[in-house]
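Work through the exercises below with the sequence and the model side by side, trying each task before reading its solution.

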Amino acid sequence: MSPKEVIARRVALEIREGQLVNLGIGLPSMVANFLPESVHVFFQAENGVIGLGSRPPEGMEDPNLTDAGGGFVTAVPGAASIDSAMSFGLIRGGHLDMTVLGGLQVDERGYLANWMVPGKMVPGMGGAMDLVAGAKNVIVAMVHSAKGSPKIVPECTLPLTAARRITLIVTELAVIEPTDAGLMLRERGPGVEIDEIVSKTAAKLIVPADVPEMRLA
């Protein structure tokens with residue numbers, strides 16, 4: 001399977017029954033496709049939908065039903081359409097159990113940079129800052145490296161999204177938890193050795209004696 005599918009499948013296992021979960025655009029939106037059928041949650045999008053489902057089959061798209069990035073989605077039974085004020089009230093009021101976001105960099109403090117690259121066109125910061133500041137748990141779902149450069153770094157060189165430690169980093173190579181002591185390696189990707197993870201991570205990792213291979217189902 002592709003690196004992005006590995007990441008989305010692993011993130012889906014972090015979601016619990018009855019949670020209110022925000023999925024960011026791009027890779028995070030894939031998580032809804034791999035949620036176990038036995039787990040019932042409500043996915044929220046900043047543009048004002050609670051109860052997002054997976055992407056519809058080709059030809060069944062509804063132009064009035066999209067996620068925050070404009071991608072087509074479905075709605076589960078009981079879904080609701082709300083205005084932006086209520087949507088961001090949920091986020092800023094601390095009512096989201098979890099948000100899953102993409103990342104450009106995460107540093108040793110567990111701080112995330114994901115909203116802009118200086119000098120490049122930025123369509124808008126969206127709700128990323130509100131989500132990192134307001135959600136109870138923040139999971140960063142991203143590929144481990146970009147064009148050969150590590151994305152997990154000693155200190156972010158890109159503008160921070162928020163000055164708050166995220167909860168978990170999930171890449172195709174590893175599951176890493178930011179802690180008071182530093183970045184803790186919790187799981188290895190399928191068939192991945194610890195030496196490969198360390199060599200492709202610029203930040204210092206704390207490696208326990210036992211690092212199990214990540215589950216995907």
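**Exercise 1: a bridge between loops**

Lys136 and Asp97 form a salt bridge, with their closest N and O atoms 3.7 Å apart; the term means a side-chain nitrogen of Lys or Arg within 4 Å of a carboxyl oxygen of Asp or Glu. This is a predicted model, in which local features need pLDDT of at least 70 and side-chain atom pairs count only at pLDDT 80 or more, while totals for chains, interfaces and linings use all residues. Residues are numbered from 1 along each chain as its sequence is written, and side-chain values use heavy atoms, with hydrogens and water left out.

Task: find where Lys136 and Asp97 lie.

Solution: Lys136 sits in the loop between α3 and β8, and Asp97 in the loop between α2 and β5 (98-101), so the pair ties together parts 39 residues apart in sequence. Helices (H or I, at least four residues) and strands (E, at least two) are DSSP runs, numbered from the N terminus.

**Exercise 2: a second bridge**

Task: decide whether Asp180, the partner of Arg165 in a salt bridge, is buried or exposed.

Solution: The closest N and O atoms of Arg165 and Asp180 are 2.6 Å apart. Asp180 has a relative accessible area of 75% and is therefore exposed, whereas Arg165, at 35%, is partly exposed; buried means under 20% relative accessible area, exposed over 50%, and partly exposed in between (1.4 Å probe, protein chains only).

**Exercise 3: a bridge within a helix**

Task: state how many residues apart Arg9 and Glu5 are.

Solution: Both belong to helix α1 (residues 3-12), 4 residues apart, which is about one turn of the helix, and their side chains meet in a salt bridge of 2.7 Å, N to O.
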